[in-house]
Amino acid sequence: MTDSPLWLASVCDDALESPDGQPQTTSTGTHHPCLLEQQFEGARITAGETVPCYDCGGRLHEGRPISARACRYSDELTYTIAAVYCVGCAPTELTGTAHGRDDVILEADLGLAMAGQTHWTTLVDPTVVATA
Ligand SMILES: [Zn+2]
């Protein structure tokens, strides 16, 4: 005898709908000096084997400690190295900053790289000193 009651089992599995599965980005809102420094590792300064100090004009050679000032406008992806200083002229804080522009001062060693037939002075082991 099959006298089974007919249960209309409407198991409404109302699973919680996940909202679009967007990855939650943890916004820290802080600067990451390490990532910033990575941008400058090996960055080319100018063509040539030496670079003049922006202040005193002294020629800086490979292996010399230098300071560099770089800036990036808000619509640019990468920083541009605006000036290079010898240790004696190195600025310790940023002056003349502008709205809509990120400025940074770096300490680095001066490196030398070959690109084709051209020598380029580069930044080696840069350290961020100041940002604005
Ligand atoms: Zn100088």
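A residue is buried when its relative accessible area is under 20%, exposed when over 50%, and partly exposed in between (1.4 Å probe, protein chains only). By that rule, buried residues make up 27% of the 132 residues in this protein. The model is predicted: local features need pLDDT of at least 70, side-chain atom pairs count only at pLDDT 80 or more, and totals for chains, interfaces and linings use all residues. Residues are numbered from 1 along each chain as its sequence is written, and side-chain values use heavy atoms, with hydrogens and water left out.

**Fold**
- The protein has one helix and seven strands, taken from DSSP runs (helices H or I, at least four residues; strands E, at least two) and numbered from the N terminus.
- Their order from the N terminus is α-β-β-β-β-β-β-β.

**Contacts and surface**
- Of the contacts (heavy atoms within 4.5 Å) with a separation of 6 or more, 62% join residues 24 or more positions apart.

**Zinc site**
- Cys53, Cys56, Cys86 and Cys89 coordinate the zinc ion through their SG atoms at 2.3 Å.
- Donors here are N, O and S atoms within 2.8 Å of the metal (3.2 Å for Na, K and Ca).
- The site is tetrahedral, with angles of 102 to 117° among its four donor atoms; the label requires all angles between 85 and 135 degrees.
- Along the chain, the donors are spaced C-x2-C-x29-C-x2-C.
- Cysteine 56 lies in the loop between strand S2 (51–52) and strand S3 (59–60), and cysteine 89 in the loop between strand S5 (80–85) and strand S6 (101–115), so the pair ties together parts 33 residues apart in sequence.
- Cysteine 56 is exposed, at a relative accessible area of 51%.

Methods: Tetrahedral: all angles 85-135°; square planar, octahedral: opposite > 155°, others 65-115°.
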